[in-house]
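This report describes how parts of one structure are arranged. Please look over the chains before reading on.

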Amino acid sequence: MQRKTLSTKTQFFLTLFLVLGIWFLLFLAKNNASEYVILILNLIAINVIFATTLTFINGITGIFSLGHAGFIAIGAYVSSLLTLPIEQKEMSFLIKPLIYPLNKVEMSFFPACIIAGLVSALFGYIVAAPSLRLIGDYLAIATLGLGETIRIIANNTWSITNGALGLKAIPPYTNLWWTWGWAFVTVLVIASLVKSSYGRALKAIREDSLAAKAMGINVFSHQVMSFVLGSFFAGIGGALWAHLITTIDPKSFMFVKTFEILIMTVLGGLGSISGAIIGAAIYTVGLEFLRVLEAPFSIGSITFPGIPGMRMVVLSLLLILLMLFWRRGIMGRRELSWDGLYNLLRRIRFSSRGDRA
Amino acid sequence: MKISEVLLRIEEVTKRFGGLVAVDKFDGYMRTGELLGLIGPNGAGKTTLFNVITGMYIPDEGRILFQNIDITRKPPHEITRYGIARTFQNIRLFSDLTVLENVMVSQHLRLRNWLWLFRSILKTPGALKMERQMKIKGLKLLENVGLSDFAYEKASSLPYGLQRRLEIARALATRPKLLLLDEPAAGMNPQETLELMDFIRKIRDTFELSILVIEHDMKVIMGICERIYVLDYGKIIAEGTPEQIQKDPAVIKAYLGEEVVL
Amino acid sequence: MNVQTFLQHFINALSLGGIYALIAIGYTMVYGILRLINFAHGDVFTYGIYFAFYAVVAFFFPWWMAFIFSIFVTALLGAAIERVAYRPLRNAPRISALITAIGVSFFLENFAIVAFGGRAKSFNPQTGIYPTTFLKMLRFGNIRVPLLTFLTLGVVALVLIILLWIVYHTKVGMAMRAISKDITATRLMGVNADRIVSFTFMIGSGLAAVGGILWAMKYPQIYPFTGMIPGLKAFIAAVVGGIGSIQGAMIGGFTLGVAEIMIVAFFPSWAGYKDAFAYAILLVMLLFRPTGILGVEVPEKV
């Protein structure tokens, strides 16, 4: 059966309807859903940003970076330091006062997010050059070390980050429009890039960077670009996250965070943007379901006592099983597309017609 | 096409790896439009020379001049932009990409500045037009080499002979002036080898190329090359036309050992 | 600072370095034969401590029996991990094995929270884990060094000697070295590679248990994440010394231990950053000599 492609106009309108549909659902949620559901929806969007950026850097470009938590941390801290009211800063910074000019600054959410993203991207740029000289395993360890180093620095620079005390009473600016809006932008930008010549170049670098060089691609500058773009949006995700949970400290950005994003991405398929979205959604919701395990619950007349920490045990077991039996994840490296969906529907219709005949 | 000017000049190039001298004062040249062969026993330094020319290795001594430009220390991707492309001894296709994508990647070097990045993300008319052109050029190239039927298949799914052809097509897509082929006939049966020889002659004319071939299959080398360099232990031991090389005692000794009688 | 303080710090540094060396050897051996960074090694280290702890507290073993018991059980744990999580992925892309190793590490850590409790336990004579004499302070002139430090150094030295003997003077050791060069060829020589790999994991994990017990005697508060940071540092030590080389791991371990203690000794205000020193050294190494001090450069065949 011939594979049909939908016209660009059709695809555009389909996407438009999808976006409007989601917007409408969010609108309904905002006005009718409980705070808990809204929290989950916010988390899903933020995790979508984290997972998409990780799959972009790790899965599509092939840079096995384990330092994602570091860039999220930078975004979180920078944005919070910019938006915290001045009096709050004076109150929180007990050990050492916050340095100038941060202690006199108080700005609104959007510019703070942008600056957070830019600072994160800047760090990505600085870090990229030395790190990308390494391959595979060494790169993984180096980026892990970098992520941890950022956290240790945050823990010790009392005059900037308030050290181990962290920041609290961060204004709760995050809402469904911000999170889903940024999630859209992130996915749109990265997907648009991946579907262009640059996307092919990045994948070529992933497949065989030596051959990519031989085909005229400046591998290093493209890897840096990927890293910087990924950390930009990761930083913004961090900003959104900080203004959602309103309290951050260095312990929130331990390697566990990168690990969680890794699970999301691998679950959805490392190297697929649609996979990252699906993985993020399933993980976020699944994590909440697993919360059940940690509190006492009953099935029928049997009561199971809650076991704290069981969630992470199950999650890590999940990752191991995934890697052993289903390495490709849900989407593998493929993407969801209107064409794909259309052809799938046609095949189903075709086969049911065939049965009747 | 004038088969006269010197296209590539390799001046006394030496490359060492620790104590081993892989290429020993190689001094040679190539003319525009020439079909040049590079032969020698295994380990003679042929692929190393390719790697030096294409910038993967930097020579310890000597210079490489391409169209009178010194490319000795330039990085590989820049050398490709100057117009030198290569294939690999062990096929290095982009396995997970389709055949068409493999040849479109080679055109990425046309996007010369980072402005194209923004144009690509924003999908400006200019970017869309460039993408269309790349696709058309890619499909045309595939047609030229007989791979159109496989355009949307994953590169790794092709049979071996076609993968070899895709390797060459991918290099051609960078619009080179000089093409370096590293053992293109490896693993081919006699029929495929004949087709390959015709193929190489054809692309030389169609794409106005100069071609440098490393090969072990003497039929191929003697059949298509106009001039041949013979390498042994990194040194040139002979240079000349196929007829001259076949009679050269040093060459025979290198390949077959001293005791063989002509 | 005067000579006495310096010596005190230095001996302390050597004992810490020795512990890092023991753990680093485990990483380097596994990387040597499987090209895998065993993220879970730091957690095996933690479990070694817990096994010793529970052997005394729950099974009422005397300390020496508990320690030996722990070494054996931890070795078995290491072999089990290899069998279940790494062997099926022997031919998979390296990234997959790496991710799995991370998963195993997290599993072990969180399982420890569930099984042993997240609160710190005390690994010291008060809880009866080992005799108080170990903590006795010895005096050399003006220098005061706990007996424990010398014990650590002694144990480390003994273990390293035994290990080097195994690797260089037994058939098993030769098989291990062969596998690290070429596993397929070694198989073709009739060597049961799987068994040698298991054995390697057992040795590495046993060493980690020894290191863990020594560590716990030095830093008595143990909790599920005890092994994470020393584990990471030990891996860095292995890389710095030259990954794949046992002597390199030893050198790397001692280097890192000495650096950590001596830098803080000279610059006390940097104490908060001491965990970051290892990363800094790593970065410098990877930039200028990625194969490490004793590493061998393997050029990529083009």
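## Terms and numbering

Axes are lines fitted to C-alpha atoms, for helices over the stretch in contact, and angles run from 0 to 180 degrees between N-to-C directions. Helices (H or I, at least four residues) and strands (E, at least two) are DSSP runs, numbered from the N terminus.

The model is predicted: local features need pLDDT of at least 70, side-chain atom pairs count only at pLDDT 80 or more, and totals for chains, interfaces and linings use all residues. Residues are numbered from 1 along each chain as its sequence is written, while chains are lettered from A and ligands numbered from 1 in the order in which they are written.

## Helix 2 of chain A and its partners

Helix 2 (residues 35-60) of chain A packs with helix 11 (residues 219-245) of chain A; their axes come within 9 Å and cross at roughly 165°. Helix 2 of chain A is therefore roughly antiparallel to helix 11 of chain A. For such labels, angles under 35 degrees count as roughly parallel, over 145 as roughly antiparallel, 65 to 115 as roughly perpendicular and the rest as oblique. The crossing of helix 2 of chain A with helix 11 of chain A is left-handed (the near helix is turned anticlockwise from the far one by less than a right angle; clockwise would be right-handed). Two residues are in contact if their C-beta atoms, placed from the backbone, lie within 7 Å. Residues of helix 2 of chain A that meet helix 11 of chain A include A:I46, A:F50 and A:I57, and among those on the side of helix 11 are A:F227, A:G237 and A:W241. By class, this contact has 12 nonpolar, five polar and no charged residues. Here Ala, Val, Leu, Ile, Met, Phe, Trp, Tyr, Cys and Pro count as nonpolar, Asp, Glu, Lys and Arg as charged, and the others, Gly among them, as polar.

Helix 2 of chain A also packs against helix 12 of chain A, at an angle of about 70° and with the axes 9 Å apart. That angle makes helix 2 of chain A roughly perpendicular to helix 12 of chain A. Among the residues in this contact are A:N47, A:F50 and A:L54 of helix 2 and A:I261, A:M264 and A:G268 of helix 12. The contact of helix 2 with helix 12 of chain A divides into six nonpolar, six polar and no charged residues.

## Two helices by length and burial

The expected span is 1.5 Å times one less than the number of residues. The number of buried residues in helix 1 of chain A is one, so this helix lies largely in the open. A residue is buried if 20 or more other C-beta atoms lie within 10 Å of its own, exposed if 12 or fewer, and partly exposed in between, with C-beta atoms placed from the backbone.

Helix 10 (residues 246-266) of chain C has 21 residues and reaches 30 Å from its first C-alpha to its last, close to the expected 30 Å. Its buried residues include C:I246, C:M250, C:F254 and C:E260. Helix 1 (3-34), helix 5 (147-169), helix 9 (228-242) and helix 11 (274-288) of chain C are among what covers the buried residues of helix 10 of chain C.

## An oblique pair in chain C

The axes of helix 3 (residues 63-86) and helix 8 (residues 193-218) of chain C come within 7 Å and cross at roughly 140°. These two helices of chain C, helix 3 and helix 8, are therefore oblique to each other. Helix 3 of chain C passes helix 8 of chain C in a right-handed crossing. Their contact includes C:F67, C:T74 and C:R83 of helix 3 and C:V197, C:F201 and C:I213 of helix 8. By class, 12 nonpolar, seven polar and two charged residues make up the contact of helix 3 with helix 8 of chain C.

## Where chain A meets the other chains

The contact between chains A and C takes 32 residues from chain A and 34 residues from chain C. On the side of chain A that touches chain C, helix 6 (136-156), helix 12 (255-268) and helix 14 (310-325) of chain A give two or more residues each. Helix 6 of chain A gives the most, with 12 residues.

In the contact with chain B, 21 residues of chain A meet 28 residues of chain B. Helix 9 of chain A gives the most to the side of chain A that touches chain B, with seven residues. That side of chain A has 10 nonpolar, five polar and six charged residues.

## Positive phi

Most residues other than glycine have a negative phi. A:T246 has a positive phi of about 60° although it is not a glycine, and A:T246 sits in the loop between helix 11 and helix 12 of chain A. B:K123, also not a glycine, has a positive phi near 55° and lies in the loop between helix 4 and helix 5 (125-145) of chain B.
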